[in-house]
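Reader: Please take me through this one label by label. I would like to know what each term rests on.

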Amino acid sequence: RQYPLYFLAPPLLALLLDRRRLPYLPLLIAASAVLWVAYRAQLGDVVPSGDDPAIHIYIAMKFAAGETPYFWHSQYPNAVHLLMALMYSVAKSPLPLILFFKLLAFLLVVAGLALYFLYFRLLHRNGGAAALAATVAVAAWVGVLYTLADGGVMELLYLLVGLPASLYLAERRRHLAAGAVAGFTASQSYLGLFHSIPVSLLSLVKGRWGYLAGYVAGGNVFLFKLLNGLLAEGWGAAASHSYSALFYALSSYHAVLVAPLLSAVVVYGMRRGAPAGVYVWPLHFLLSGLLAGTPEAAARLARADLMLLGLSAGSSLRGGWLAYVVSSAALLYMIFAVWQIPIIHRLDAPRLDLYLSALGVVEDGATVLALSQVSTWALPLFFDPSRGVRAYLIYPEPDLKNPETQIGLQILDALERGEQTGAVYILAEAPRPGGQYSGDVLRLVPRLQSLLSQCVPVYGGVLFRCG
């Protein structure tokens, strides 16, 4: 996550070695072990980047404490949250969950490299170099790197595991197993469900009912939960400017440098009997325009489109020389794109120690307020159901579908009016220099600080007791 080029080392090294003497998968495992040691040494036991890990760990902790009904009108908790909830029930601490989430993010990248290589190797039976080059093309896309950088790994469960595994199994004519893998991984998030639509449509057109049956069976309760959430949240049609937003998001990530070239490669590969992977990107791009009605949605979908463009181009190859064109284009794109990937530090070792120590001075039954983005990790680290202590983030624009996101702002309003009862603590951290914060969050900082004159500092100059 901090140095994305590390993850390209295994396939690039494999290009330089004789595969008959050193098979690719053992090389991948060995190189990944070395990378993990370096990764762990640099980052310690702390998840370094993004807001999503804190939210996912908090969801798991709440579920373990019995505070989250499973069929809540949301995409979460999913299977990952249930596993983390079990870990929290045993450990009674969020620290193992933090390490697990970091390990999950790393292993997803390694699994993606291995599975895409197996798929491309199956397609290009007499072209090991072509398969390796195509794997590089997929791995280089900012759709993988950016999503890891901001901690949003849930959609990668499908993009890096479910999609290549299902395509591989489908090519081996194991359609039921392919559908089961795709259904399970896609049903862990709304984006995963959306990303799986192209392959599902292709299977429907080709009459592969075994794949669809496997998809439903693999998705099981998670699939029905997502569909229930979609109905409850009332997703409507996208705005009329959806394609303009999508094209803007694509151009802003430098896709104009290589997208035309790789699009031509995909068109070149469209032929009778072409593998399903060739058609994944065109279908996904067409469907993305239907949902990209906002800039945020367009950016997320555009990043996935770029990765799937690498997949379709890699599936379209017929000769080894073209594989190197695809790989070179992807690496050229990465040279421009990798420096645009923000490393959004939200938690480091000193801050983790600060939070854990400050929790000890918070009285039982108290509430802790913190700003979203600035102190996102307060949400899980100040959650102690055994003592009745919990934190609420102050969101400038709460999600109306999620009442909990409104509570922090309501408590802040009550404090300003002098109407709040009970002990309330404010975690008043300053935004970190060079951090990534939205303007509406930064505008809340003076408002929060204006309350501190009515409060008493209790720990480290950042935790204040009010009320």
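**What the labels rest on**

Author: Let's start with the second largest cavity, whose lining comprises six nonpolar, two polar and two charged residues. Here Ala, Val, Leu, Ile, Met, Phe, Trp, Tyr, Cys and Pro count as nonpolar, Asp, Glu, Lys and Arg as charged, and the others, Gly among them, as polar. This is a predicted model, in which local features need pLDDT of at least 70 and side-chain atom pairs pLDDT 80 or more, while totals for chains, interfaces and linings use all residues. Residues are numbered from 1 along each chain as its sequence is written, and side-chain values use heavy atoms, with hydrogens and water left out.

Reader: What makes a space a cavity, and what makes it a pocket?

Author: On a 1 Å grid over the protein atoms alone, a cavity is a set of points where a 1.4 Å probe fits but cannot get out; a pocket is an open set with protein on both sides within 12 Å along at least five of seven lines, and lining residues have an atom within 4 Å of a point. Grid points are joined across faces, edges and corners, and the volume is the space filled by probe spheres set on the points. The second largest pocket holds about 210 Å³ of space. Of its 15 lining residues, Tyr-88, Lys-92, Phe-383, Asp-384 and Pro-385 lie nearest its centre. Helix H3 (52-64), helix H4 (79-91) and helix H19 (378-381) each supply at least two lining residues, and by class the lining has ten nonpolar, three polar and two charged residues.

Reader: Back to Ala-276: is it buried or exposed, and how do you know?

Author: Buried means under 20% relative accessible area, exposed over 50%, and partly exposed in between (1.4 Å probe, protein chains only). The relative accessible area of Ala-276 is 11%, so Ala-276 is buried. Ala-276 sits in the loop between helix H14 (259-269) and helix H15 (277-291). Beyond its neighbours within four places in sequence, Ala-276 is in contact (heavy atoms within 4.5 Å) with Leu-167, Glu-171 and Leu-202.

Reader: And why does Ser-189 count as buried?

Author: Its relative accessibility is 2%, so Ser-189 counts as buried. Ser-189 is in the loop between helix H9 (175-186) and helix H10 (190-195). Residues up to four places away aside, Ser-189 touches Gln-75, Tyr-76, Met-154, Glu-155 and Leu-226.

Reader: What makes Cys-455 and Cys-466 a disulfide?

Author: A disulfide is a pair of cysteine sulfur atoms within 2.5 Å, and here the S to S distance is 1.9 Å. The torsion about the S-S bond of Cys-455 and Cys-466 is about 105 degrees, so this disulfide is right-handed. Cys-455 is in the loop between helix H22 (445-449) and strand S4 (456-459), and Cys-466 is in strand S5 (residues 463-466), eleven residues apart. Both Cys-455 and Cys-466 are buried. A search of the whole structure finds one disulfide.

Reader: Why is Val-424 called buried, and what does it touch?

Author: Val-424 has 0% relative accessibility, so it counts as buried. Val-424 belongs to strand S3 (residues 424-427). Leaving out residues up to four places away, its contacts include Thr-367, Leu-369, Phe-464 and Cys-466. Val-424 and Cys-466 lie 42 residues apart in sequence, yet 5.2 Å apart in space, C-alpha to C-alpha.

Definitions and conventions:
Helices (H or I, at least four residues) and strands (E, at least two) are DSSP runs, numbered from the N terminus.
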